[in-house]
Amino acid sequence: MDSTDEVIIERRGSAGIIKLNRPKALNSLTLPMVRVIAPALEDFAADPAIASVIVLGEGERGFCAGGDIRLLHQSGKEGTDEAETFWREEFLLNHAISRYPKPYVVLMDGITMGGGVGLSAHGSHRVVTERTRLAMPETGIGYFPDVGATWLLPRAPGEAGTWMGLTGQTVGAADVIHAGFADHRVASSALPALVDAIVALPAAASAADVHALIRTMAVDAGESRLAANRQVIDRTFSADTMEEILKALADEPGEFATEAAGVIASRSPTSLKLTLRLLRAGRTSADLAECLNRELGACKGILYNHDFYEGVRAAVIDKDRNPKWSPASLSEVTADAIDRFFIPVQPPLFTR
């Protein structure tokens with residue numbers, strides 16, 4: 001089983017360990033990393049001496065800040081197939097995690113965004129800490145929540161997932177659990193002890209055994225801001241058009257609605273309309289595979305969209321935090337423009 005400098009693979013006791021090892025880059029995910037993680041999971045699944053898998057990130061700042069958007073930006077600019085190859089293999093990994101046959105324990109300590117959500121939220125045993133900062137911030141870079149988020153977000157309570165997907169705001173442990181993206185909060189200082197305890201389980205340990213062990217170390221998650229504001233979120237984010245959502249926010253008194261409206265105003269109008277449509281489609285989809293197929297088609301469309309290149313430029317390359325969206329307003333984003341993101345990609349990732 002191979003390790004690289006960017007991913008460390010090891011066996012400890014009855015556990016397979018996968019450690020993301022790009023701490024200076026907040027463990028951002030690259031194609032070579034995906035190509036180490038995916039076969040490692042297959043090997044661990046086939047090994048009777050391995051009872052569970054533990055996935056974590058090196059460093060104290062983040063589990064995984066997302067995919068390597070510089071690579072995607074460069075691939076799109078140069079017209080190479082690297083971006084689509086990355087998305088295809090990443091999405092296949094996300095799906096494999098969702099169906100993994102052994103306990104998949106992921107420690108979402110620190111920043112967990114974008115591709116980091118894909119590595120964690122589809123797993124069976126998801127642990128957050130007081131340092132967890134989770135977001136799907138893609139509307140701020142001219143993109144959309146991918147890695148199966150269009151399956152996950154619509155299944156959060158009420159319209160919490162719509163709020164998360166459109167605003168891209170960062171949330172903490174209690175909100176992550178409320179949204180259904182994690183199961184338990186454990187103190188970050190207790191994570192080494194948790195790993196040691198899981199490693200010490202017998203090879204015949206079940207998912208229930210792992211769950212019970214995590215529960216013994218779990219602490220109260222605290223108050224969820226999203227739960228506290230659920231009525232406001234449900235009133236203002238239930239519509240199927242961005243124009244109606246913004247009107248509802250404008251009509252809603254209170255700081256929470258005002259803040260949400262202000263954040264949305266800074267996001268890519270095209271990304272907002274695309275994200276909302278994808279979330280609504282995800283709500284009625286049969287499974288994660290259907291959403292991933294749809295997302296891959298939208299990803300290809302993104303490579304021909306101005307806002308993605310402008311968003312990455314402003315956030316990552318020039319870092320001026322001042323993107324110039326085009327179209328600049330929601331009223332200028334036509335239904336036909338959004339339709340172009342819904343052309344099925346060939347070959348699809350998954351077939352019925």
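This is a predicted model: local features need pLDDT of at least 70, side-chain atom pairs count only at pLDDT 80 or more; totals for chains, interfaces and linings use all residues.
**Loop between E2 and H1**

I began with Asn-27, which sits in the loop between E2 and H1. Asn-27 is not a glycine, yet its phi is positive, at about 60 degrees. Is Asn-27 buried or exposed? I found 0% relative accessibility for Asn-27, which counts as buried.

I then looked up Lys-319. Its phi is near 60 degrees, again a positive value in a residue other than glycine. Lys-319 belongs to the loop between H16 and H17. At 54% relative accessibility, Lys-319 counts as exposed, because the cut-off for exposed is over 50%. I noted Asn-27 as buried and Lys-319 as exposed.

**Cis peptide bonds**

I stayed in the loop between helix H16 (306-317) and helix H17 (335-339), where Pro-327 is placed. The peptide bond joining Ser-326 and Pro-327 is cis, with omega at about 0 degrees. I also logged the bond from Gln-346 to Pro-347 as cis. Its omega is near -10 degrees. Pro-347 lies in the segment after H17.

**The sheet of 6 strands**

Next I traced the strands. In what order do the strands of the open sheet of 6 run? I read E1-E2-E3-E5-E7-E9, and the pairing is mixed. Strand E1 (7-12) and strand E9 (184-185) are at the edges. Each has a single partner strand, so one side of each has no neighbour in the sheet.

I checked individual pairs within this sheet. Strand E2 (residues 15-20) runs parallel to E3, and 6 bridges join them. Lys-19 stands opposite Leu-56 in E3. Strand E5 (residues 104-108) and strand E7 (residues 125-128) also pair in the parallel sense, over 4 bridges. There, Met-108 stands opposite Val-128 in E7.

**Strand E3**

How many residues of strand E3 (residues 52-57) are buried? I found 6 of the 6 buried, so the strand is largely enclosed by the rest of the structure. In E3, Ser-52, Ile-54 and Leu-56 point one way. Val-53, Val-55 and Gly-57 point the other way. All of these are buried.

I found an open sheet of 3 strands with the order E4-E6-E8 and parallel pairing. Its edge strands are strand E4 (62-64) and strand E8 (133-135), each pairing on one side only. The twist from one strand to the next averages 15 degrees. I looked at one pair: strand E6 (residues 111-113) and E8 are parallel over 3 bridges. Thr-112 stands opposite Leu-134 in E8.

**H1 against H3**

I turned to helix packing. Two packed helices are described by the angle between their axes and the distance between the axes. For helix H1 (residues 31-46) and helix H3 (residues 82-98), the axes come within 10 Å and cross at roughly 30 degrees. That makes H1 roughly parallel to H3, because angles under 35 degrees count so. The crossing of H1 past H3 is left-handed.

Which residues make the contact? From H1 I listed Leu-31, Val-34, Arg-35, Ile-37, Ala-38 and Leu-41. From H3 I listed Thr-85, Phe-86, Glu-89, Glu-90, Leu-93 and Ile-97. By class, this contact has 8 nonpolar, 1 polar and 3 charged residues.

**H2 against H3**

Last, I looked at helix H2 (residues 69-78) beside H3. The axes of H2 and H3 are 7 Å apart, and the packing angle is about 135 degrees. That makes H2 oblique to H3. On the H2 side, Leu-71, Leu-72 and Ser-75 take part. They meet Glu-82, Ala-83, Phe-86 and Trp-87 in H3. I counted this contact by class as 5 nonpolar, 1 polar and 1 charged.

I marked Phe-86 in H3 in both entries: it is in the contact with H1 and in the contact with H2.

Definitions and conventions. Residues are numbered from 1 along each chain as its sequence is written. Side-chain values use heavy atoms; hydrogens and water are left out. Axes are lines fitted to C-alpha atoms, for helices over the stretch in contact, and angles run from 0 to 180 degrees between N-to-C directions. Helices (H or I, at least four residues) and strands (E, at least two) are DSSP runs, numbered from the N terminus. Angles under 35 degrees count as roughly parallel, over 145 as roughly antiparallel, 65 to 115 as roughly perpendicular and the rest as oblique. A crossing is left-handed if the near helix is turned anticlockwise from the far one by less than a right angle, and right-handed if clockwise. Contact means heavy atoms within 4.5 Å. Ala, Val, Leu, Ile, Met, Phe, Trp, Tyr, Cys and Pro count as nonpolar, Asp, Glu, Lys and Arg as charged, and the others, Gly among them, as polar. Two strands pair if DSSP finds at least two bridges between them. Buried means under 20% relative accessible area, exposed over 50%, partly exposed in between (1.4 Å probe, protein chains only).
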